[in-house]
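Welcome! Take a moment to look over the sequence and the 3D view, and then we will walk through a few parts of it together.

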Amino acid sequence: MDEPTITAKPCPDCGGRLELGVARVRGTLWGLLTFGLSRQHLWWVGSRGTETVLMRSGTQERARRCESCGLVLLGGGAP
Ligand SMILES: [Zn+2]
């Protein structure tokens with residue numbers, strides 16, 4: 001099995017290793033059978049209730065995920 005690609009910068013929360021990958025917004029076969037072809041977006045809801053679309057349906061974004069605490073970082077600068 002291939003080794004994961006680990007970024008040079010550690011997790012900002014716990015200092016753990018960040019694995020490089022992508023985050024995707026996509027439906028599943030179960031969702032298609034249950035709800036049909038509905039569009040799904042990833043939303044950010046701030047502490048004041050403001051909402052922002054982070055990723056649109058069918059897109060993907062560069063992402064880093066911490067192996068220790070599970071923190072996920074979307075987009076951003078150099079790994
Ligand atoms: Zn972490």
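## A pair of strands

In this predicted model, strand 2 (residues 42–45) and strand 3 (residues 51–55) run antiparallel and are joined by 4 bridges. Together, strand 2 and strand 3 form a hairpin, with 5 residues between them. If you look into the turn, you will find glycine 49, which has a positive phi of about 90°.

Which residues face each other across this pair? Tryptophan 43 stands opposite valine 53 in strand 3, and leucine 42 stands opposite methionine 55, also in strand 3.

How many of the 5 residues of strand 3 are buried? The count is 0, and strand 3 is hardly covered.

## A look at valine 25

Now let us move to another spot. Valine 25 sits in the loop between strand 1 (18–24) and helix 1 (29–35).

## Who valine 25 meets

Leaving aside residues up to four places away in sequence, valine 25 touches Gln40, His41, Leu42, Met55, Arg56, Ser57, Gly58 and Thr59.

Glutamate 61 lies 36 residues from valine 25 along the chain, and their C-alpha atoms are separated by 9.1 Å.

Note on methods. Residues numbered from 1 in each chain as written. Predicted model: local features only at pLDDT ≥ 70, side-chain atom pairs only at ≥ 80, totals over all residues. Pairing = 2+ DSSP bridges. Helix = DSSP H or I, 4+ residues; strand = E, 2+ residues; numbered from the N terminus. Buried ≥ 20, exposed ≤ 12 C-beta atoms within 10 Å, placed from the backbone. Contact = placed C-beta atoms within 7 Å.
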